[in-house]
Amino acid sequence: MSAIFNFQSLLTVILLLICTCAYIRSLAPSILDKNKTGLLGIFWKCARIGERKSPYVAVCCIVMAFSILFIQ
């Protein structure tokens with residue numbers, strides 16, 4: 001089953017995308033800041049979500065890790 005049809009896998013992919021974009025922006029902000037609009041603007045928006053909602057993203061990462069390790 002692909003990540004599109006499995007809801008938990010889709011949430012995992014989205015969470016990893018948010019965390020990765022926020023990490024890349026912390027290392028090299030110029031990479032994501034020059035593409036604020038268009039298709040590549042999705043990565044900038046994910047980075048902003050990861051920066052501004054970081055406590056919630058961290059809790060989601062812990063819950064997702066617990067779910068993957070112990071429930072599946």
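Analyst: **Salt bridges and their surroundings**

Let's start with Arg48 and Glu51, whose side chains meet in a salt bridge at 3.6 Å, N to O. The term stands for a side-chain nitrogen of Lys or Arg within 4 Å of a carboxyl oxygen of Asp or Glu. Before going on: this is a predicted model, with local features needing pLDDT of at least 70 and side-chain atom pairs counting only at pLDDT 80 or more, while totals for chains, interfaces and linings use all residues. Residues are numbered from 1 along each chain as its sequence is written, and side-chain values use heavy atoms, with hydrogens and water left out.

Arg48 and Glu51 both sit in helix α3, 3 residues apart, which is about one turn of the helix. Helices here are DSSP runs of H or I with at least four residues, strands are runs of E with at least two, and the numbering starts from the N terminus. Arg48 is partly exposed because its relative accessible area is 24%, and Glu51 gets that label too, at 29%. The scale goes like this: buried is under 20% relative accessible area, exposed is over 50%, and partly exposed is in between, using a 1.4 Å probe and protein chains only.

Glu51 has another partner as well: a salt bridge joins Glu51 to Arg25, with the closest N and O atoms 2.7 Å apart. Since Glu51 belongs to helix α3 and Arg25 to helix α1, this pair ties together parts that are 26 residues apart in sequence. Arg25 itself counts as buried, because its relative accessible area is 17%. Arg25 also reaches Asp33 through a salt bridge of 3.0 Å, N to O. Asp33 comes out as partly exposed, at 25% relative accessibility. The count comes to 3 salt bridges, and Arg25, Asp33, Arg48 and Glu51 are linked in a network of them.

Helix α1 covers residues 7-27, helix α3 covers residues 41-52, and they pack at an angle of about 90° with their axes 7 Å apart. That makes α1 roughly perpendicular to α3. For the record, axes are lines fitted to C-alpha atoms, for helices over the stretch in contact, and angles run from 0 to 180 degrees between N-to-C directions. Angles of 65 to 115 degrees are called roughly perpendicular, under 35 roughly parallel, over 145 roughly antiparallel, and the rest oblique.

Who touches whom? From α1 come Leu17, Ile18, Cys21, Ala22 and Arg25, and they meet Phe43, Trp44, Cys46, Ala47, Arg48, Ile49, Gly50 and Glu51 of α3. Contact here means heavy atoms within 4.5 Å. The residues of this contact split into 9 nonpolar, 1 polar and 3 charged. In that sorting, Ala, Val, Leu, Ile, Met, Phe, Trp, Tyr, Cys and Pro are nonpolar, Asp, Glu, Lys and Arg are charged, and the others, Gly among them, are polar.

Two members of the contact deserve a look of their own. Cys21 is in helix α1 and counts as buried, at 5% relative accessibility. Leaving out residues up to four places away in sequence, Cys21 touches Leu32, Phe43, Cys46 and Ala47. From Cys21 to Cys61 is 40 residues along the chain, and their C-alpha atoms are 15 Å apart. Across in helix α3 there is Gly50, which is buried at 12% relative accessibility. Beyond its neighbours within four places in sequence, Gly50 is in contact with Ile18, Ala22 and Val57.

What about Ser26? Ser26 has its place in helix α1, but at 53% relative accessibility Ser26 counts as exposed.

Stepping back to the whole chain, there are 4 helices and 0 strands, in the order α-α-α-α along the sequence. The C-alpha trace spans about 40 × 25 × 15 Å along its principal axes. Buried residues make up 21% of the 72 in the chain. Among contacts between residues at least 6 apart in sequence, 56% join residues at least 24 apart.
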